[in-house]
Amino acid sequence: MTTSPGAGTPPPADMPAFEPPPPPDPGPEQLDLVPDPPVRRARRGRRGLLLGGGGVLLVLLTALLATWWLTVGRPGSALDQVTDVPPAEAPGPSHPLLLSQLEAAGLHCVRELAEPEVHGCYALPPHGWTYVQWSHDGDEAQGLSLTMPRADVSGDVPPPLLAAVALAVGLSSTELDQLAGAAAEVAGAEAGEVRPVLTRPADFEVWTLGADLRIAFANAGPPLGSIPAADLGLDPAAAVEVLERDGLTCDPATDAALVSCGGHGVDLTLEGDADGRLVAVGAGPPDEARPYLRALLRELPADDREAVEGLLEVEAPVVAAEHGWVVVATGDWLWLRGASW
Amino acid sequence: MPIRLDLELPVAPTDAFDAYVDLGSWWDPRYTSDATTFSGVAVTPGPGGEIRELHADGSSQLWGTITLWQPGTALSHSFVLAHDTGVPSQVLVTFTARPGGSLLRLQHGGWNEDNAADRDRFTDWASVLAGLPARVRRGRSLR
């Protein structure tokens, strides 16, 4: 690159662009990191020479017999276990590692549900809108998925939070580029395409979800998010009645599952599920929108309503969960949704 | 199209990340706003943290703001150094394990019609990154 006008020493001229630098000196420093395998084999070989010839034969025969019994002869042997495992059910990524990596990446993580234990990590400003969900059984994450706006996936540099998740589950840089490239293609394609991306640690699937893109880690169970654990006790049409009675105007948005309402300086988005249940509401600005949100809570049981009303008062930026409800407060927007699995 | 460079380093990803983010120790002063007074680069760890070029006269110049900070794994930040348009681009640096060390992959993208004119100024990333292996070797020798 060149320096700004008035800089000190001028940069070297005519450096070739976009060429990788020469490989680093493969000097002795690499040997410091990994013990030389041939040396280790030679050491083992020297130890072997100390055994007498008969002893070696006896040891070899015993080892062969034991190996055969453990892998083939014994009922429930290792061979049986291997062949019993469906190839797509490779272990999920480590739940503690995923959680610590995403928190280190600046996401706000909450436990959305206790049984099964479901975690959600949400990007708040300065990050763009993104969230990651998974459940876990012991240390293994299951149903991992990442959702982000299609518009944020450009086919240029991988989005930072996609990189964070992909690297947390063990993808190489090349596999990350492969996944990001597929995501960019799907983001720019017609809705309905599900693109598999096969990588060494995991199989991924990428598809669009309205204006969003969902990337699911396909090895360990279906992605979360399809079965809401809570709804507002209204269908979107009933919610529209409530809001229009309060003076807002509502129109179906471009996506069939969404309804947009506005007026009095407030914008609301109602999200219904496939069964017509109202499972999420986004609204802003928060102070002006709270009365309209409270009006939508009237069908909730008293305990839930009290919990959700508490969630609506959180101070941004924060993500909080209570009674199977999650609120994401960015400062200029509140998103209330029933947790899901 | 992003600018992309790979660099193999003879240390684990954690050490490679630590060396990389110690930007002031290996960045070629010629690629700063004033090489004669350049005194270092301040990196505030974590999302939202700043990367700022420092000078002996007390002045400083913002290079960008961190958008992803994953020690040992990835760093992403906006980048405005040498951007005449003032429209930031985006840098993503990932660190993954390789036999005998790690692979650093730098991707400099976020180019659009508003900052495309700045892209041509970034032809020397390879020269700049050439300072990093020496920094890595120094880091190892200190242990």
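Student: With 25 C-beta neighbours inside 10 Å, is Trp63(B) buried or exposed?

Tutor: A residue is buried if 20 or more other C-beta atoms, placed from the backbone, lie within 10 Å of its own, exposed if 12 or fewer do, and partly exposed in between. Trp63(B) has 25 such neighbours and therefore counts as buried. This is a predicted model, in which local features need pLDDT of at least 70, side-chain atom pairs count only at pLDDT 80 or more, and totals for chains, interfaces and linings use all residues. Residues are numbered from 1 along each chain as its sequence is written, and chains are lettered from A and ligands numbered from 1 in the order in which they are written.

Student: Where does Trp63(B) lie, and which residues does Trp63(B) touch?

Tutor: Helices (H or I, at least four residues) and strands (E, at least two) are DSSP runs, numbered from the N terminus. Trp63(B) belongs to strand E4 (residues 60-70) of chain B. Two residues are in contact if their C-beta atoms, placed from the backbone, lie within 7 Å. Leaving aside residues up to four places away in sequence, Trp63(B) touches Ile51(B), Arg52(B), Glu53(B), Phe79(B), Val80(B) and Leu81(B). The C-alpha atom of Trp63(B) is separated by 7.7 Å from that of Ser78(B), 15 residues apart along the chain.

Student: How many helices and strands are there in chain A?

Tutor: Chain A has 10 helices and 14 strands. Of its 341 residues, 36% are buried. Among contacts in chain A with a separation of 6 or more, 49% come from residues 24 or more positions apart.

Student: At what angle do the axes of helix H6 and helix H7 of chain A cross?

Tutor: Axes are lines fitted to C-alpha atoms, for helices over the stretch in contact, and angles run from 0 to 180 degrees between N-to-C directions. Helix H6 (residues 160-168) and helix H7 (residues 173-187) of chain A have axes that come within 10 Å and cross at roughly 135°. That makes H6(A) oblique to H7(A). Angles under 35 degrees count as roughly parallel, over 145 as roughly antiparallel, 65 to 115 as roughly perpendicular and the rest as oblique.

Student: Which residues make the contact of H6(A) with H7(A)?

Tutor: H6(A) contributes Leu162(A), Ala163(A), Ala166(A) and Leu167(A), while H7(A) contributes Leu176(A), Leu179(A), Ala180(A) and Ala183(A). These residues divide into 8 nonpolar, no polar and no charged. Here Ala, Val, Leu, Ile, Met, Phe, Trp, Tyr, Cys and Pro count as nonpolar, Asp, Glu, Lys and Arg as charged, and the others, Gly among them, as polar. An α-helix has 3.6 residues a turn, so residues three or four places apart point the same way.

Student: How is the span of H7(A) to be read?

Tutor: The expected span of a helix is 1.5 Å times one less than its number of residues. The 15 residues of H7(A) should span 21 Å, and its end C-alpha atoms are 21 Å apart, which agrees.

Student: What do the buried residues of H7(A) pack against?

Tutor: The buried residues of H7(A) include Leu176(A), Leu179(A), Ala180(A) and Ala183(A). In chain A, the buried residues of H7(A) pack against H6, strand E5 (194-198), strand E6 (203-209) and strand E7 (212-217). In chain B, they pack against strand E6 (89-98) and strand E7 (101-109). Leu176(A) has 23 C-beta neighbours inside 10 Å and counts as buried. Not counting residues up to four places away in sequence, Leu176(A) touches Pro158(A), Ala163(A), Ala166(A), Leu167(A), Leu171(A) and Thr94(B).

Student: Where in the chain is the cis peptide bond from Gly284(A) to Pro285(A)?

Tutor: This bond is cis, with omega near -5°, and Pro285(A) lies in the loop between strand E11 (278-284) and helix H9 (286-295) of chain A. The bond from Ala316(A) to Pro317(A) is also cis, with omega near -5°. Pro317(A) sits in the loop between helix H10 (302-312) and strand E12 (318-322) of chain A. Pro317(A) is one of the residues that Gly331(A) touches, not counting residues up to four places away in sequence.

Student: What is the phi of His264(A)?

Tutor: His264(A) has a positive phi of about 55° although it is not a glycine. His264(A) is in the loop between strand E9 (258-263) and strand E10 (266-272) of chain A, and is exposed, with 12 other C-beta atoms within 10 Å. His323(A) likewise has a positive phi of about 55°, but with 19 C-beta neighbours inside 10 Å counts as partly exposed.
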